[in-house]
Amino acid sequence: MAVAVERSNTQTPAKRLGLRRNWKAYLYLLPTFAVLGTFVYFPIYDSFRLSLNRVAPFGSDLIFVGFGNYTRLFQSPDFWNTVQVSLWFMVGTVPVGIALAVAIALLLSYPLRRLNWFYRTLIFVPVVISSAVAGVLFRLLYNPVVGFFNHWLDLLGIDGPNWLNDKSWALVAVCITVVWRQLGFNVIIALAGIQNIDEQLYEAAKVDGASALRRIWHVTLPMLSPTLFFLMVVNIITSLQAFGEINILTDGGPGEATTNLVYSVFVDAFVGTSFRGLASAQAFLLALLIIFISFAQFRGLGKRVHYQ
Amino acid sequence: MKSRPIRLLALLAVFALVVAACGGDGATDTTAGAAATTAAPSGEPITIEFWHAMADDLGAVVDELVDRYNASQDAVVVNATFQGSYDDTYNALLASFDTGTAPNIVQNFDLAAQTMFDTGRLVPAHQLMAAGDADAFLAAPRDYYSDETGMVALAFNSSTPIVYYNAEMFEAAGLDAPADDWNFSDFMETCDALEASGVQFCVTFGTVGWYFEQILANSGGLYFNEDNGRTGRATEVEFNKGQGVEVFDFLSGLIADGHAPNLGNTWSDTDSVFFAGEAAMIFDSTAGARGFQDNADFEVKTAFIPHSDSSDRNGVVIGGAALWLIDSGDDAVNQAAWDFMKFMTEADQQVTWHTGTGYFPVLASLQDSPPSDLASFWDENPNFVTAIRQLATTDTQNADGSVNYAVLGGRAGPFPEIRRIIVEAYSAVLDEGKTAQEALDEAAEKANQALADYNAFFDG
Amino acid sequence: MTAATHTQSVNRRTALRRFGDLPVHVALLVIGIVIAMPIVIAFFISFTPLREIVGRATPEILPETWTLANYGKAWNASPFGRYLFNSFVQTGVITIAQVVLSVLAGYAFAMFEFRGKAFLFALVIGSLIVPFELTFIPNFLLISAWGMGNTYAGLTIPFLASAFGVFMMRQFFMSLPRDLYDAAKIDGAGDFYYLMRVVVPLSKGAISAFTIFAFLSAWNQFLWPLVITNEEMMRTTQIGIRFFLVNQERATDWGAIMAGTVLVMIPTLLVFLLAQRQLVKGIAMSGLKG
């Protein structure tokens, strides 16, 4: 610990300022750590403890089962299904969401003389929409009787699917909704990244006679890679935590076609008869997956990202 | 001027600190809620907390009845609180046992029966009833909420599923009203006639667990072992055997073969299809009789639910909810709560309740000799009568005089969970092409696991 | 992400310089309409009578006859006024507490030297990658055991502090020039005085960015308020609209549901329309979302 303090001394202005006021600092930190301690650090332990038990559906009886909940999960096809759904969901939302966001951000970065604010308003607006509201809005659009999607597809001569009640389409339907809601956020971040790129780089490329597409490919995207990397991390983690849309659109169905890990935790812990030990075990595995993916990304991809 | 934002910020900081601090020792001030459980000194009226799950118009009728009770005497004051849906009320009740804020009376739904026993916090109604009191009730609601000793809860709002149909479409297809006793073949013949006359869908229903439970009961099939969990704690489901497969094959087949649209696990999208004239029939609860009558552009009539070809008609399981008395630890308080429960099931209150909501009157006397206002209400609303007849003609006893456990309905701790598993079984047939038998076997395996998990916490 | 504060200038050269204006206008207009469509539809459907919604042969966006009845139905069927009030209380308490606690803790990490600092800071950073899903079952049990289910305390207490806010404030405070502190010191100012008179005013941008971020994530919370409230009167807007949709008794009343949805959307849409610049800047700066 002493070593760590020593090192941080060289990094903060505090040392330069020659400050030594120990006890006061703790006062400033106390409220934050009181909350984090009670509602983040302690629950990590408690969650693990619960995951080693069967928990009575009411009251607080516990039956210790060791790693029984975990072995049961690993042997259960339902659990592997939820893992698959989580991963498919990630594949279905992250690349599409980021690609769309970058394309739209490129268009928005074009220096239009008027109406720029208008397009931005239309395109950014999902950023303030909650998952619950997004779910309700799309539930109307997908509705087989009064919905709009299949009506529009009809106009194009396409016989639309039974979006929310067909196992092969329900996940797609949820993905579309989530991509839509995330789009505002992704475009804002991508646009900020694009506007951050040094204009002289374009100048240089232009002198070289590069076409617009080549400039995007060779200048914009490489220079944007830290932003893209950031978007990827955030989007992957958000996609693994998707809940509101699923709850409202499909309730995890049909069958368990849209039951991802988070949803399964929720159902086992809070719907009908609760099985909170099993739910805690799944929550723990989900957390490990999220932490693992965050680290893997920083280690694997982080190296190849082009920082300015 | 300049110092104002700072003062504000400092104030907010103090405020946040106080809130955070409260979080630390909140445990000290949480036991206050259970005011009702303390014994009242003589002269002071006893306050009874009553939790119910009746929203909007239904809730207004509850309030009317509570007011009527409070005005009728001054020893007891009932305080009614709306707690949200049945599930919400159920969860709130289970949570309240931990926090010491349990009510005295709670309205809880049919599926919760086993869990209500297992909480060990009930005062069974039969302990407070006078001998013979139970005979005043209709057999179906009485037996549903009874154990071997007698009634444990008072049936309050009871409903069953029923078939609503578009009378104009039936007429156009040259069909008469369906017989009370109709089996799957009769049903399919009706479907063929309807579809031949140009109706898009013969019927519509959500893939909820309830219709499977009910049509299984109507076909005399059991849901759980141990006589549907009535003579012992259910340890396995029975629905993947015999009648269950035939019933599930019928229901999932209606959707798979295009006789019904696949609208998923819904109670409301089906109504849109029915109102839009795309489907000629709809399965729904009797509690919706008024809603269907008022909202359709066409004449809505009602019929009994069908049963399997290989069985006789058995009847329906009572749905809805009952009033449960939670032990306060004080006899005087329990007696006061019981007094209110008795009041709610008296004839006057039952007539108000039935005509205001569509839920059944649960007293036998009202059906044998209805008072004039009830009789004229039934004349104007024949759809209410179908529902009552369907229940009244339910065979609660077999021909040999033994109890017909099929129509008593299943009783098991994790029943809400198992209902969810049935919803998944529909998808196994519709999306994965499994047979009804395969889908139910899979469902049975999951359900049995849920039963084992639950039962592990309770004896026997 | 701080560099995103760059705003575009009209004559900037970008990768797309070669194209004319018109195709960009057309493309952006089409994209904008597609993206805003679900919200626009909700708005119009909320003024359409139910009979029209269900009765017409194909779905139409515009109502034939306009009605306000859906708003009346939604308002009467569910206590939307109460939902909005609950959401304002919940969001207000969480936002204020997160901002205040983050400023305090960020200040301590940026300006003080004390034993265990590196460890404590690592704890803060570490909690950033702990997903909420891991903690919400124990938190639910804890809050229930404290009897705080269905209370404002239960809705807010687990979220009064934000590790992300602490991190963001610390980063910003560390970038402030040291001369200021020296000057203040010469004037004999105390630490708290310095925080209030110098640091906070200089950090208005960062603080308001975090405020907006905290407001939006708190307002849009779903899973926690869903499990911790089961009384109608304690639900937040997000949960209220969910139950309004799910608990439809008869044919789904899309008109009333969309009216309710519009009511629920209005506060955040207003924030968006009135403070779009700050909001976009805040998101670009904080670069994270709940």
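**Strands and interfaces**

A: Let's start with a pair: strand β3 (residues 105–109) of chain B and strand β9 (residues 321–325) of chain B run antiparallel and are joined by five bridges. Strands here are DSSP runs of E, at least two residues long, while helices are runs of H or I with at least four residues, both numbered from the N terminus. Two strands pair if DSSP finds at least two bridges between them. This is a predicted model, in which local features need pLDDT of at least 70 and side-chain atom pairs count only at pLDDT 80 or more, while totals for chains, interfaces and linings use all residues. Residues are numbered from 1 along each chain as its sequence is written, and chains are lettered from A and ligands numbered from 1 in the order in which they are written.

Q: Which residue in β9(B) is the bridge partner of Asn108(B)?
A: That's Ala322(B).

Q: How do I read the direction of a pairing?
A: Strands of a sheet pair through backbone hydrogen bonds, either parallel or antiparallel. Take β1(B) and β2(B): they run parallel, joined by seven bridges, and Thr47(B) has Val77(B) as its partner in β2(B). β1(B) also pairs with β3(B) in the parallel sense, over two bridges, where Trp51(B) partners Val106(B).

Q: Is strand β1 of chain B mostly covered or uncovered?
A: Mostly covered: six of the seven residues in β1 (residues 46–52) of chain B are buried, meaning that 20 or more other C-beta atoms, placed from the backbone, lie within 10 Å of a residue's own.

Q: What is the strand order of the open sheet in chain B?
A: The five strands go β2-β1-β3-β9-β4, with mixed pairing. At the edges sit β2 (76–82) and β4 (154–157) of chain B, each pairing on one side only. From one strand to the next, the twist averages 30°, with axes being lines fitted to C-alpha atoms and angles running from 0 to 180 degrees between N-to-C directions.

Q: And how do I read an interface?
A: Its size is often given as the accessible area lost when the parts come together. Here we count contacts instead, meaning C-beta atoms, placed from the backbone, within 7 Å. Between chains A and C, 101 residues of chain A are in contact with 96 residues of chain C. On the chain A side, α3(A) gives the most, with 17 residues.

Q: How many residues of chain A touch chain B?
A: 29 residues of chain A are in contact with 33 of chain B. Helix α3 (residues 22–51) of chain A brings the largest share of the chain A side, four residues.

How values were computed:
Two residues are in contact if their C-beta atoms, placed from the backbone, lie within 7 Å. A residue is buried if 20 or more other C-beta atoms lie within 10 Å of its own, exposed if 12 or fewer, and partly exposed in between; C-beta atoms are placed from the backbone.
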